[in-house]
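User: I'd like to learn how to read this model, from its helices and sheet to its ligand site. Could you walk me through it?

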Amino acid sequence: MSHARPQELIKKNVSLKKYSTFGIGGFATYFSEAKTIDDLLFSLKYAKEHKLRVFVLGKGSNVLFDDRGYNGLVILNKLQTIKYEDMLVTASAGYSFALLGIQTARKNLSGLEFASGIPGSVGGAIFMNAGASGSDVSKVLKKATYIDTELNIRTLANEQLDFSYRTSIFQKKGFVIISGCFSLCVSETARSKQKGDLKRRFDSQPYKEKSAGCAFRNPQAASAGFLIENSGLKGKSVGGAFVSEKHANFIVNKGGATSSDVLQLIENVKSEILLRHNIELECEVRYIPFE
Ligand SMILES: Cc1cc2nc3c(=O)[nH]c(=O)nc-3n(C[C@H](O)[C@H](O)[C@H](O)COP(=O)(O)OP(=O)(O)OC[C@H]3O[C@@H](n4cnc5c(N)ncnc54)[C@H](O)[C@@H]3O)c2cc1C
């Protein structure tokens with residue numbers, strides 16, 4: 001079903017807290033929930049006509065919204081379709097990436113077992129080239145369909161998506177991902193592999209706490225978690241934001257953390273690692289400023 005009128009689709013002053021796994025963020029001045037491609041196109045046109053900044057949101061598991069919110073239109077991507085054709089599976093950008101990992105493994109399709117522990121959307125996973133257990137999106141994605149800045153619907157093949165460690169072409173262009181087509185293979189062991197991947201993650205990461213996954217990208221020299229733990233920073237805090245005791249590369253909101261708390265803690269960790277190891281950590285979490 002698509003919405004015809006802006007008053008139904010475009011809402012004003014919507015809190016972003018519940019749309020971020022960190023549980024942090026003020027209000028978006030404009031907010032729409034796109035369930036269809038028409039909704040997406042309508043929202044993007046509305047933003048163009050009203051000269052609004054646009055932020056496309058998946059499951060909010062890799063973002064830190066500002067306490068003041070977002071001055072512009074946040075489009076929540078809720079496109080939810082899925083289609084299986086032999087060993088190809090095409091999922092809409094709003095589809096749960098974790099669910100996709102579980103469902104494909106249950107069908108004895110191998111390739112996306114690693115996805116079952118990543119609490120993002122398909123769109124967010126493609127944008128971030130999300131990965132775990134030695135794999136990532138770039139290894140299984142055949143092609144991605146998106147809306148370009150002129151509002152045309154286009155498709156690019158894997159080789160054209162500029163994938164590398166936690167990056168894709170989508171981080172450089174203002175494109176909106178609509179769907180991804182993944183190429184899998186048959187394996188009797190897909191389900192047990194997927195369950196094993198998930199268990200290892202539950203055992204090693206603070207899954208039940210509010211976070212946005214790994215705070216920092218892994219530098220060449222060593223994993224960010226190792227460097228942070230080794231520097232005695234586990235448990236360090238600013239306000240309600242803490243370096244997780246379970247996994248040092250996670251910053252968790254233990255209650256009432258603000259975006260300033262998280263940003264200050266990030267700065268504290270970065271300067272300590274620079275001082276001790278002469279390594280400049282880069283953020284993996286994406287901070288979204290108010291304007
Ligand atoms: C407990 C936990 C564990 C995690 N483990 C991992 C892990 O093992 N590996 C890993 O890689 N990540 C991990 N993450 C981080 C996160 O889940 C991934 O980066 C995920 O792919 C983000 O998807 P999302 O839908 O939540 O994106 P969001 O957080 O909503 O958005 C992230 C970025 O993607 C953009 N985006 C989202 N959808 C679209 C779209 N349709 N079109 C264009 N741009 C879009 C947004 O604008 C934003 O810039 C973890 C997070 C948590 C909380």
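User: Which strands does helix α2 lie across?

Analyst: Keep in mind that this is a predicted model. Helix α2, residues 37-49, lies across β11, β12 and β13, and runs at about 145° to β13. Helix α3 (residues 97-106) lies across β6, β7 and β13, with an angle of about 30° to β6.

User: In what order do the strands of the open sheet come?

Analyst: Strands of a sheet pair through backbone hydrogen bonds, in either a parallel or an antiparallel way. Here five strands form an open sheet, ordered β6-β7-β13-β11-β12, with antiparallel pairing. The edge strands, β6 (82-85) and β12 (153-157), each pair on one side only. From one strand to the next, the twist averages 15°.

User: How many bridges join β11 to β12?

Analyst: Five bridges join these antiparallel strands. To find your place in β12, look at Leu-156: Ala-144 stands opposite that residue.

User: Now the ligand, please. Which residues come nearest?

Analyst: Of the 35 residues around the ligand, the nearest are Val-56, Gly-58, Ser-61, Ser-121 and Gly-131. A polar backbone atom of Val-56 is 2.6 Å from an oxygen atom of the ligand. Arg-166 places a polar side-chain atom 3.3 Å from a ligand oxygen. The ligand exposes 970 Å² taken alone, and the protein buries 96% of that.

User: Which element gives the most to the shell around the ligand?

Analyst: That is α4, with five residues. By type, the shell residues divide into 17 nonpolar, 14 polar and four charged.

How values were computed
Residues numbered from 1 in each chain as written. Predicted model: local features only at pLDDT ≥ 70, side-chain atom pairs only at ≥ 80, totals over all residues. Heavy atoms only, no water. Pairing = 2+ DSSP bridges. Helix = DSSP H or I, 4+ residues; strand = E, 2+ residues; numbered from the N terminus. Axes fitted to C-alpha atoms, helices over the stretch in contact; angles between N-to-C directions. Contact = heavy atoms within 4.5 Å. Near = heavy atom within 4 Å. Polar contact = N/O pair within 3.5 Å; in protein donor to acceptor, adjacent residues only side chain to side chain. Areas by Shrake-Rupley, 256 points an atom, 1.4 Å probe, with all protein chains shown as cover. Nonpolar A, V, L, I, M, F, W, Y, C, P; charged D, E, K, R; others polar.
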